[in-house]
Amino acid sequence: MSPTKASDNTVNDDCQKKNTAPDDWCTSCYESCTLPKHIQEVALIQLRENESVRKQAISAFRQWISKNMDVQNINTDENFLLRFLRAKKFSLPMAQQMLLKYLNLRQKFPMYFMGLDCLIPAINELIDSGYMFVSPFRDSDGRRVIIGTAKGFDLRKYSNRDLGIVHIITYETLLNDEVNQVVGFTHFGDFYAITPAYITLFAPNEFATLIKWGEQSIPMRHKAIHLLNVPTPIKFAYDYFQSRISPKLNSRMKMYNSLSELHENLDKQVLPKEYGGEMPMAEMIRLWKKELLVNREKLIALDNMRLLSDKSIITRKTKAEVNHNLIAGFNQLNGSFRKLEVD
């Protein structure tokens, strides 16, 4: 996809008031939203999605949910189900597993995934500080750009729960837009303000589990990750992070030592003015907070969903058990044939 003008990529009323063109990517972030023609083409090529496949998959997904005794109060809106189907390229069994893992992750770590309210004072302050927000512009591939600067995160004032909530609020809000579900996301992180003390926020096992389960459970298509100013003292943490993610995601991570190097791979227009763009960071944050408020009730409502049992979740262990039982069954069957031959 060729680079798009910043004025064509804004996604809020404020930009329209400044004589910029409204966002033509999606008319609404709700169920009635229809994908633009060029996004439908992307969905067909990359996700094998067309109208027939989409309708059949959603219908089958809903039927499965209605009959599944392990889940309760699941959101069956198209928008919600499509994020799992698109993340798994419309493989229904894989989308079902991802939903179960998503529910399990939320309940295993409620401190990070429950109560996603952007108006919580500590969360609101962190967003205002520029710790994490989303650019109002899409990059040349049509993706929203998630920006993290770690600025304003005072370890004496905020907790690991505050950090986690900000991240998940960001992701869940963006997933309410179907275009984002299709084209995926670009990440930009400036690690200049990060110190080794940040690592103490999480227990090692907890951090490893969140990384591994998060990639498997949160239906996001991470297409590019750009990291700037990674300090040498925490590069071992970066190496550890890389060891916990899939090779595919690992290959999409790039590190830079300067802005000029970064700009060779990431459009300046999507970045705050402080990083070479045109719009000041404070304005980007203000616009992002408006998006958060629009989606606030939807995020809070996620807490209504329940996973009553994790017995249906397939893990490496359960896969091994299934394979073992299959082999044992074949051996037993072969033994019966041999017995018949002797008889």
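Residues are classed as buried when their relative accessible area is under 20%, as exposed when it is over 50%, and as partly exposed in between (1.4 Å probe, protein chains only). The structure is a predicted model, in which local features need pLDDT of at least 70 and side-chain atom pairs count only at pLDDT 80 or more, whereas totals for chains, interfaces and linings use all residues. Residues are numbered from 1 along each chain as its sequence is written, and side-chain values use heavy atoms, with hydrogens and water left out.

By the burial criterion, arginine 106 counts as buried, because its relative accessibility is 1%. Arginine 106 lies in helix α5; helices (H or I, at least four residues) and strands (E, at least two) are DSSP runs numbered from the N terminus. The side chain of arginine 106 is joined to that of aspartate 303 by a polar contact of 2.7 Å. Such a contact is a pair of N or O atoms within 3.5 Å; within protein, one must be able to donate a hydrogen and the other to accept it, and residues adjacent in sequence count only if both atoms are side-chain atoms. With neighbours within four places in sequence set aside, arginine 106 is in contact (heavy atoms within 4.5 Å) with Phe113, Met114, Leu116, Leu302 and Asp303.

The largest nonpolar core comprises 83 residues, of which Phe80, Leu99 and Phe188 touch the most other members. Helix α8 (residues 160–175) gives the most to this core, with 8 residues. A nonpolar core is defined as a set of buried Ala, Val, Leu, Ile, Met, Phe, Trp, Tyr and Cys residues joined through side-chain atoms within 4.5 Å. Beyond its neighbours within four places in sequence, leucine 99 is in contact with Phe61, Trp64, Ile65, Ile74, Phe80 and Phe84. A second, separate core of 8 residues includes Leu35, Val42, Leu47 and Val183.

Across the whole structure, 11 aromatic pairs are found. The ring centres of phenylalanine 61 and tryptophan 64 are 6.0 Å apart with planes at 50 degrees, so this pair is tilted. Rings of Phe, Tyr and Trp (its six-membered ring) pair if their centres lie within 6.5 Å; planes under 30 degrees apart count as stacked, over 60 as edge-to-face and the rest as tilted. Phenylalanine 61 is buried at 0% relative accessibility, whereas tryptophan 64 is partly exposed at 21%. For phenylalanine 80 and tyrosine 102, the centres are 6.0 Å apart and the planes at 65 degrees, so the pair is edge-to-face. This pair links distant parts of the chain, namely helix α4 (residues 78–87) and helix α5 (residues 92–108).
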